[in-house]
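Subject: Handover of a structure and notes on its helix packing

Dear colleague,

Please find the structure below, together with its sequence. My notes on the findings follow it.

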Amino acid sequence: MKKVVVLTTGGTIASKKNIDSGLLESGVIDGNELLELCDVPSDIGIDIEVESVFQKASMHITYPDLLLLKQRIDFHLNKPEIDGVVITHGTDTLEETSYFLNLVTNHSKPIVVTGSQRSPNEIGTDSFVNIKHSILTACSPDLYDVGVVVVFNERIFHSKYVKKEHASNIQGFNSFGFGYIGIIDNGYVHVHQKPITNEYFQIKKGLPEVDIIKCYMDSDDKYIRTARESDIKGLIIEGVGRGQVSPKMVDEIKRCVEKGIKVVITTSAEEGEVYTTYDYSGSAYDLYKNGVILGRDYDSKKARIKLMVGLASEYPNIERIYDPSYH
């Protein structure tokens, strides 16, 4: 019989209505109660172990929480009798946690992250079907050596590119330009594509502060200056198009680089990557010449997670951390 460990962390999938306000209170249902509500049928032939790691709204998750979650995954997957792990999580930061875990865990066995857009007590809840499908996915041999995946609304996404695409609809996640890697249909897991490479970073010191600053028409340097004057180690600039920023931002970006802050330029576009196409003040080429790292096709959130992990692992050539040809 297959055995799966379900690690619960809170979120909408573990929420109830607050008696006083009538609004949802996130993460108040513990793991055992959640799985009892889920009522996973015994005929699927899977032994399920549940552990409540913490119970939080996902916007309340901290760096120590991420490291604790990694520790619990390692603890369980190092047991030969465990076939896979499922993590239930709030959707607001699910894409960040799943990608963090993808970078810092090194297991062949499946690691699946899921959540829900509706609470377990709402009509039409997606809580229980997402949990059931995640458990089935965690048992699938086709998901070995794939890295961390996200299961949502019958689809399997890779953590590197998955994004929350809708604030409330049960089709909450997507991977723009890449699509989902598989589906769950009538209780069967079908994997259609897999990544050809996976990365692993060994954390050697605490996760550093890395900020994100968004660029827009005529944006200036005040937020970059504030970031520089704070004790940050990295800065993600979310540019536009091929990685352009307002010329008013350039001098302060240079000062960040001179100070030793690792600055990465990404794009707000859903598809395509940062590239040195243009030569003018604020272009990706201009920034690159002045020591800014090209963030390729990473969105700003994933770029931030990768830079944090790279710095914490003392990656030997941080300037090439987003270059697929280097790994």
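Where is Lys-233 found? Lys-233 sits in the loop between α5 (222–229) and β14.

Before the details, two remarks on conventions. This is a predicted model, in which local features need pLDDT of at least 70 and side-chain atom pairs count only at pLDDT 80 or more, while totals for chains, interfaces and linings use all residues. Residues are numbered from 1 along each chain as its sequence is written, and side-chain values use heavy atoms, with hydrogens and water left out. Helices (H or I, at least four residues) and strands (E, at least two) are DSSP runs, numbered from the N terminus.

Lys-233 and its surroundings

Lys-233 has a relative accessible area of 44% and is therefore partly exposed; buried means under 20% relative accessible area, exposed over 50%, and partly exposed in between (1.4 Å probe, protein chains only). Leaving aside neighbours within four places in sequence, Lys-233 is in contact with Pro-208, Glu-209, Gly-260, Ile-261, Lys-262 and Leu-311, where contact means heavy atoms within 4.5 Å. The C-alpha atoms of Lys-233 and Leu-307 are separated by 9.4 Å, although these residues are 74 residues apart along the chain.

Helix α8

Leu-307 and Leu-311 are among the buried residues of α8. Twelve of the 13 residues of α8 are buried, so this helix is largely enclosed by the rest of the structure. The cover over these buried residues includes α2, α3, β13 (210–214), β14 (234–239) and β15 (262–267). At 1.5 Å a residue, the 13 residues of α8 (residues 300–312) should span 18 Å, and the end C-alpha atoms are 18 Å apart, which agrees; the expected span is 1.5 Å times one less than the number of residues.

The axes of α3 and α8 come within 10 Å and cross at roughly 35 degrees. Axes are lines fitted to C-alpha atoms, for helices over the stretch in contact, and angles run from 0 to 180 degrees between N-to-C directions. The contact is formed by Glu-95, Glu-96, Tyr-99, Phe-100, Leu-103 and Val-104 of α3 with Lys-301, Lys-302, Arg-304, Ile-305, Lys-306 and Val-309 of α8.

Helix α2 (residues 63–77) packs against helix α3 (residues 94–104) at about 55 degrees, with the axes 10 Å apart. The two helices α2 and α3 are therefore oblique to each other; angles under 35 degrees count as roughly parallel, over 145 as roughly antiparallel, 65 to 115 as roughly perpendicular and the rest as oblique. In this pair, Leu-66, Leu-67, Leu-69, Lys-70 and Ile-73 of α2 meet Thr-97, Phe-100, Leu-101 and Val-104 of α3.

Asp-74 also lies in helix α2, and counts as buried because its relative accessibility is 16%. Beyond neighbours within four places in sequence, Asp-74 is in contact with Thr-105 and His-107.

Packing of α5 with α6

Helix α6 (residues 250–259) packs with α5 at an angle of about 15 degrees, their axes lying 9 Å apart. The pair α5 and α6 is therefore roughly parallel, and α5 passes α6 in a left-handed crossing.

Yours sincerely

Definitions and conventions:
Left-handed = near helix turned anticlockwise from the far one by under 90°.
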